[in-house]
Amino acid sequence: SIEKDEESFQRYRERISTLPKERGWKITNHPLCQYEGFWYRSAYGLEGVMFAQEHFKARPSDVFLCSTPKSGTTWLKAIIFAITKRTYYTNSTHPILTNNPHEIVPILESKLFREPPVANVESLPSPRLLATHISYTSLPMSVLGSGCRIVYICRNPKDVLVSMWKICIWTVLGPCARVLECPERVFFITYEEMKRDTLVHVKRLAKFLGKPFSLEEESKGVAEEIVEMCSFESLSNLEVNKNGSSKTGLKNSVYFREGKVGGWRNHLTTQMIESLDRVTNEKLPGIF
Ligand code: A3P
């Protein structure tokens, strides 16, 4: 009931008030808050993370897109939706053409469970496509235990940093290393690989999601169409993404800046590059 949820959220807020804090970026004016070894922006919706941990029941058929903000979440949301629902829509009626990908694949903790009344995720039909920025260590137990599929996208922290001027770099590095330990249930991909060989990885992803492209689809170029529909150029030029905004008032265009690899070269000082490389090489050796 909503009263019970209110009580839970009150409990989470009390817990959050006791967690270690650090000053965040001045521009956002929100402290960072450490929870289970991982730094969150305090405004992010840590209550939702806690609610998910206590209440979310994963199904084996669920697909979870896990990422750090600014690492290609919007893009992968569009691709995963397009792959798994491809038999339901024709090109002209496709929801991706008229909805921002964040409306189609919601973030569990900050959209569905942000505050009471929380969304009734039990009523969603299978397979549920959900996204999360929760660190691997704090994912609800049922996600790890259910055998559901996890797609994990990760991006060079230097580009994440430039892209996410709102978030401190510490939020980038926690989850990846752990995810790498259980590769059979996790589709691990970097933004850079995705940019380099989009078609190859869209086909691999379709296989992983249990929806491989058939020979007939191969000959019709269905995967190519998905790549094209979800490309930066196509998505960013849709009316909904150029001029639309979410219910909270955030402009959809914020999710589409330049969509390139290596933009950090124009923004970071040598000293920043060195210190970021040091942390990245320690936490994610050999990936970037
Ligand atoms: P830049 O700021 O470097 O351009 P997220 O979706 O996780 O918030 O990540 C946002 C980043 O992904 C932004 O990077 C954005 O431009 C880029 N992006 C959004 N849609 C994309 C697409 N279809 N293809 C490639 N990159 C995309």
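Reader: What should helix 15 span at 1.5 Å a residue, and how far apart are its end C-alpha atoms?

Author: The model is predicted, so local features are taken at pLDDT of at least 70 and side-chain atom pairs at pLDDT 80 or more, while totals for chains, interfaces and linings use all residues. Residues are numbered from 1 along each chain as its sequence is written, and side-chain values use heavy atoms, with hydrogens and water left out. Helices (DSSP runs of H or I, at least four residues) and strands (E, at least two) are numbered from the N terminus. The expected span is 1.5 Å times one less than the number of residues, so the 14 residues of helix 15 (residues 270-283) should span 20 Å, and the end C-alpha atoms agree at 20 Å.

Reader: Which residues of helix 15 are buried, and within what arc do they fall?

Author: Buried means under 20% relative accessible area, exposed over 50%, and partly exposed in between, with a 1.4 Å probe and protein chains only. By that rule the buried residues of helix 15 are Ile-273, Leu-276 and Thr-280. The arc is taken from the directions from the helix axis to the C-beta atoms. These buried residues line one face of helix 15, because seen down the axis they fall within an arc of 75°.

Reader: Which residues are exposed on the other side of helix 15?

Author: The buried set of helix 15 includes Leu-276. On the other side of helix 15, the exposed residues are Thr-270, Gln-271, Arg-278 and Glu-282.

Reader: How many residues of helix 3 are buried?

Author: Helix 3 has 12 residues and should span 16 Å at 1.5 Å a residue, which agrees with the 16 Å between its end C-alpha atoms. Among its buried residues are Trp-75, Lys-77 and Phe-81. Helix 3 is mostly covered, and the buried count is 12 of 12.

Reader: Which helix supplies the largest share of the shell around the ligand?

Author: The ligand is surrounded by 19 residues, and the closest are Thr-73, Thr-74, Arg-257, Glu-258 and Gly-259. Helix 3 (73-84) and helix 13 (232-237) each supply at least two residues of the shell. The largest share, 3 residues, comes from helix 3.

Reader: How do the residues of the shell divide into nonpolar, polar and charged?

Author: Ala, Val, Leu, Ile, Met, Phe, Trp, Tyr, Cys and Pro count as nonpolar, Asp, Glu, Lys and Arg as charged, and the others, Gly among them, as polar. On that scheme the shell around the ligand has 8 nonpolar, 7 polar and 4 charged residues.

Reader: Which atoms lie 3.0 Å, 3.1 Å and 2.4 Å from an oxygen atom of the ligand, and what share of the ligand does the protein bury?

Author: A backbone N or O atom of Ser-71 lies 3.0 Å from a ligand oxygen, and one of Gly-72 lies 3.1 Å from a ligand oxygen. In Thr-74 an N or O atom of the side chain is 2.4 Å from an oxygen atom of the ligand. Accessible areas come from the Shrake-Rupley method with a 1.4 Å probe; for residues, only the protein chains shown count as cover. Taken alone the ligand exposes 570 Å², and the share buried by the protein is 98%.

Reader: Which backbone oxygen does the side chain of Asn-252 reach?

Author: Asn-252 is in the loop between helix 14 (239-243) and helix 15. Asn-252 counts as buried because its relative accessibility is 4%. At 2.9 Å, its side chain reaches the backbone oxygen of Val-240.

Reader: With which side chain does Ser-246 make a polar contact?

Author: Ser-246 also has its place in the loop between helix 14 and helix 15, and at 18% relative accessibility it counts as buried. A polar contact is a pair of N or O atoms within 3.5 Å; within protein, one must be able to donate a hydrogen and the other to accept it, and residues adjacent in sequence count only if both atoms are side-chain atoms. The side chain of Ser-246 makes such a contact, at 2.8 Å, with the side chain of Thr-248.

Reader: What is the omega of the cis peptide bond between Pro-116 and Pro-117?

Author: Most peptide bonds are trans. Pro-117 is in the loop between helix 5 (108-112) and strand 5 (129-132). The bond that joins Pro-116 and Pro-117 is cis, with omega about -5°.

Methods:
A residue is near a molecule or strand if one of its heavy atoms lies within 4 Å of it.
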